[in-house]
Every structure is written in C-alpha cells, then in structure tokens.
Amino acid sequence: MGIFLIFGMPVVTFIFQNYLSEMLKKKELYGSSFLHHFDRKASIKDVIESLGVPHPLIGKLTVNGAEVGFDYILRDKDIVEATPLTPPVNPLIADILRPDPLDRIAFVVDVNVGKLAMHLRTLGFDTVYENATRDGKLAGIAYAQKRILLTRDVSLLKRKIVMHGYLLRTQDPTRQLIEVVRLYDLSSKIKPLSRCIPCNGLLVPISKETILERLEPLTRKYYESFHICEKCKKIYWPGSHQEKIVTFIQEVLTAVRQNETQDT
Ligand SMILES: [Zn+2]
C-alpha cells in the first residue's frame, strides 16, 4: 500500500497482476498493489502509463469489479485491477479495451528482434521488418497497416497510436516465437513455406519450364515442383532446407503445447 495519504485529495487503489507489476516505475516502493493520488480529471489509460505500464500489455481492466475501457475517467476511491494479456489473445475480435479489431493476423517487428521476424515469415505470418526503421515509424506502421507491434522496448509500446502490441520477454528468437505463437493462439494458423523469408512476399507456384534458365544443374535435374516470391522473384523448391523448416516448426509447436500444460 502507499506510503502516505493526503487528506481530501482523490485516491484510487491500483492492483497490477502478474508481470504488469514488473513494469511499475516505483515497484520497490509500492509493490503490485498501492494507493495513488490524482488531482485532475484523468483517463485510466493516462494514469496507468504514468505509473510505467504500457497500455497494449493490458488484457483486462476492471474498476470496482466491472470491466472498463481505456477512456474511463477515474473517480475517488475506485479500485482498479489490471490483468496482462493472457493466452489466447484474439486481436480479430473487438473488446471493451480494443473496440477496433485487426482484420488479419499481421506483425511489425522491432529492429532489435530481426531474427523473430524471419521466424514468423517462415511460419507464413505477414511480418514487416526494416532494419533502419525508427521507433516512431514502427508505431506508425502498426497503426496505419493494423499490425501487432512486437518489441523489447517498453517505451515504444507507450506510444498512443499503438493498439495491439506485445513486449517480448526473452532474448532468444526461438523462445520469442514460442511466446508469440502461444499468446495469439497461432498453432493452427501456421502455413509453412507460404511466404518469402527475406522479403515477406507471398510464394506462388510456378512451372519449371518458366524458370529453367535460373536453376542450377542439380536442382534442374532432381526437382519438379517450384514456388516463386511474387515480390522479389526468389525461387523456392523442396529440399533439405525445407525439411529443416518443417522440423523447426514441429519443435516450436511441441514447445507451445508444453508451455500450455505447465500453465494449467
Ligand atoms: Zn521475396
């Protein structure tokens, strides 16, 4: 609970569940449940962010037991409870916190987690990743193209225009992928080998005759079925690389299932 109270000034009780409490600026001072004074008309979203918690990480907000949206205006003696995004999160369905749902699963990935972007494309997910993209531009892409922003940068998620986003909790790209697949319940939506890994373009079938002159002699000899990237024209065919991808996806799916079992 809070350190001291000021008589006559409006006060709310905040309870931050689970990892949301780790984001609090003064966690060591207050703990995950504390009293908070406010002296002006303020939305719940602004107050929560001023305490250090980025709004996209919140999965559910209640005030005195009833669910509210981010524009709720705090009142004296409110008891606010914030719960983090909890699997399965479905960004395609509107809810009280995010009335504007996405029309498909698509991501924009922060510059320092590029390997995750490649992994997501390997699984067939539409993923924007640009090496030189600045923070502000990433948030803009997430907003304009209605994409989920994945980052390890808390401040990026605090940008007002970011609606759907997630703070990756590990450094390891494969663990990050498992986190994302599990959070957004993507196991059944994986379409391996449907998207170009370097450029995010879609792969379409192409006849061998059309691309014959672009094939190495051994590829020409042993393979009959080919795909081409619509965007960069890179050619794909079944081979040892694709077998590795299928094995990788199996490992990811197994890990997602194991995590689910651990949590129940
Ligand atoms: Zn491509």
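Of the 264 residues in this protein, 47% are buried. Buried means under 20% relative accessible area, exposed means over 50%, and partly exposed is in between, with a 1.4 Å probe and protein chains only. A word on the source: this is a predicted model, where local features need pLDDT of at least 70, side-chain atom pairs count only at pLDDT 80 or more, and totals for chains, interfaces and linings use all residues. Residues are numbered from 1 along each chain as its sequence is written, and side-chain values use heavy atoms, with hydrogens and water left out.

Now the overall layout. The C-alpha trace spans about 85 × 35 × 30 Å along its principal axes. There are ten helices and twelve strands. Those are DSSP runs, numbered from the N terminus: helices are H or I with at least four residues, strands are E with at least two. The protein divides into domain 1 (11-84), domain 2 (91-192) and domain 3 (203-242). These bounds come from an automatic or database domain assignment. Between domain 2 and domain 3, the C-alpha centres are 30 Å apart.

Next, the metal. Which residues hold the zinc ion? The protein donors are the SG atoms of C196, C199, C229 and C232, at 2.2 to 2.3 Å. A donor here is an N, O or S atom within 2.8 Å of the metal, or 3.2 Å for Na, K and Ca; water is not among the atoms, so sites may look incomplete. Along the chain, the spacing reads C-x2-C-x29-C-x2-C. C196 sits in the loop between helix 7 (173-183) and strand 10 (203-206), and C232 in the loop between strand 11 (226-229) and strand 12 (235-236), so this pair ties together parts that are 36 residues apart in sequence.

What about the geometry? The four donor atoms subtend angles of 96 to 119° around the zinc ion, which makes the arrangement tetrahedral. For four donors, that label requires all angles to lie between 85 and 135 degrees. The ideal value for four tetrahedral donors is 109.5 degrees.

Is C196 buried or exposed? C196 is buried, at 0% relative accessible area. C232 is partly exposed, at 39%. K233 lies in the loop between strand 11 and strand 12. Its phi is near 70°, a positive value in a residue other than glycine. K233 is partly exposed too, at 43%.

On to the largest pocket. It holds about 370 Å³ of space. A pocket is an open set of points on a 1 Å grid over the protein atoms alone, with protein on both sides within 12 Å along at least five of seven lines; lining residues have an atom within 4 Å of a point. Of its 18 lining residues, Y19, P87, Y166, R169 and R182 are the closest to the centre. Helix 7 gives the largest share of the lining, five residues. Domain 1 and domain 2 each supply at least three.

P87 brings up another feature. A cis peptide bond joins P87 and P88, with omega about -5°. P88 is in the loop between strand 5 and strand 6.

Last, two loop residues. K77 is in the loop between strand 4 (66-67) and strand 5. Phi of K77 is also positive, near 70°. K77 is exposed, at 62%. N112 is in the loop between strand 6 (106-109) and helix 4 (114-122). N112 is exposed as well, at 53%.

Technical notes:
Four donors count as tetrahedral if all angles lie between 85 and 135 degrees; four count as square planar and six as octahedral if opposite donors are over 155 degrees apart and all others between 65 and 115; anything else is irregular. On a 1 Å grid over the protein atoms alone, a cavity is a set of points where a 1.4 Å probe fits but cannot get out, and a pocket is an open set with protein on both sides within 12 Å along at least five of seven lines; lining residues have an atom within 4 Å of a point. Grid points are joined across faces, edges and corners, and a volume is the space filled by probe spheres set on the points.
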